[in-house]
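I opened my notebook to get to know a new structure.

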Amino acid sequence: MTRNMFYRAANIVQLSRFTLLAGSRLLCTQTQAEPLTVRQQNNGIRRITLNNPKKRNALSLSMLESLRGNILADIDSDDLRVIVISAKGPVFSSGHDLKELTSAQGRDYHTKVFQACSEVMTLIQDIPVPVIAMVNGVATAAGCQLVASCDIAVVTEKSTFATPGVNVGLFCSTPAVAIGRAVPKKVAMEMLFTGSPISAQDALLHGLVSKVVPEERLEEETLAIARRVCQASRPVVALGKATFHRQMAQGRDAAYATASRVMVDNLALRDGQEGIQAFIEKRKPVWTNKAEKANDE
């Protein structure tokens, strides 16, 4: 082999190595894309974080599907007692991704987006464990709907809430379903008609959130509530949550009839009787955390 042929072969080998290295880097970048939501679980508390701050944690179809999957994963496990939903970045969620709502996407796609959103919001209320929103920032439109749909919401003093869809030509009709069931009618209507944000303190005053805390205490306060939930019997909490939502949709007499039946059902649970017996005996209850009847062998 001549010297020129040797150098030419060496250059080809070097070029091949560079091409392979560049390709592997590109593949690595593509496969290491940040997930839209992050799920962690420890000691009965599942934490789900909205993880797309660059897009203000918009509830795109992909985000909704990711959130739904993280909520439903092992939902019937006895180890799961409560879910906490939070967000990365200064915006809890800006609502739907408006780029998905242009006419170019088409009516069928739009229908799919709103169906997915409605499913997630109702799912939060239908699952057997409480869901807590931990909010540190802005929650607008469907993001505000997400907060309103949670069973409990702990927020920082700087958090704000709004339904600004009317200002971009898209009235927040689906967020209104959750918000209108969380705050007084006239408060909801002012939010919907003007799009103006309300402060954390106003949100607390009107019942949209449960507690307002300093930013540095947000996680501590939220997890304290979550740990208190974990101390109760899972089937008792599940029964209570389902009954609360059911009776709220009923008239007074029907609601009392429903709640009375459930109280009797609750007493029939092994954990129901264990709790009463523990109170009488002045000791801590030992929960089975299973929906077993007291008279089951």
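**First look**

I counted 11 helices and 10 strands in the protein; helices (H or I, at least four residues) and strands (E, at least two) are DSSP runs, numbered from the N terminus. I am working with a predicted model, where local features need pLDDT of at least 70, side-chain atom pairs count only at pLDDT 80 or more, and totals for chains, interfaces and linings use all residues. Residues are numbered from 1 along each chain as its sequence is written, and side-chain values use heavy atoms, with hydrogens and water left out.

Next I looked up burial: 40% of the 297 residues in the protein are buried. My cut-offs are under 20% relative accessible area for buried, over 50% for exposed, and partly exposed in between (1.4 Å probe, protein chains only). I also checked contacts, meaning heavy atoms within 4.5 Å. Among contacts between residues at least 6 apart in sequence, 68% join residues at least 24 apart.

**Helix 3 and helix 4**

Two packed helices are described by the angle between their axes and the distance between the axes. How do the axes of helix 3 and helix 4 cross, and within what distance do they come? I found that the axes of helix 3 (residues 107-126) and helix 4 (residues 142-149) come within 9 Å and cross at roughly 20 degrees. That makes helix 3 roughly parallel to helix 4. For this I used angles under 35 degrees as roughly parallel, over 145 as roughly antiparallel, 65 to 115 as roughly perpendicular and the rest as oblique. The axes are lines fitted to C-alpha atoms, for helices over the stretch in contact, and angles run from 0 to 180 degrees between N-to-C directions.

I then listed who meets whom: Cys-117, Met-121, Ile-124 and Gln-125 from helix 3 face Ala-142, Gln-145, Leu-146, Ala-148 and Ser-149 from helix 4. By class, this contact of helix 3 with helix 4 has six nonpolar, three polar and no charged residues. The classes are Ala, Val, Leu, Ile, Met, Phe, Trp, Tyr, Cys and Pro as nonpolar, Asp, Glu, Lys and Arg as charged, and the others, Gly among them, as polar.

I zoomed in on Gln-145, which lies in helix 4 and is buried at 4% relative accessibility. Leaving out residues up to four places away in sequence, Gln-145 touches Cys-117, Met-121, Thr-174, Pro-175, Ala-178 and Ile-179.

**One aromatic pair**

I found one aromatic pair, taking rings of Phe, Tyr and Trp (its six-membered ring) whose centres lie within 6.5 Å, with planes under 30 degrees apart as stacked, over 60 as edge-to-face and the rest as tilted. The rings of Phe-171 and Phe-193 have centres 5.9 Å apart and planes at 50 degrees, so the pair is tilted. The partners are 22 residues apart, with Phe-171 in the loop between strand 8 and helix 5 (173-179) and Phe-193 in helix 6 (residues 185-194). Phe-171 is partly exposed at 35%, while Phe-193 is exposed at 52%.

**Two asparagines**

I noted a positive phi of about 50 degrees at Asn-43, although it is not a glycine. Asn-43 sits in the loop between strand 1 (37-42) and strand 2 (45-50). Asn-57 also has a positive phi of about 50 degrees, in the loop between strand 2 and helix 2 (61-72). Are they buried or exposed? Asn-43 is exposed at 65% relative accessibility, whereas Asn-57 is buried at 0%.
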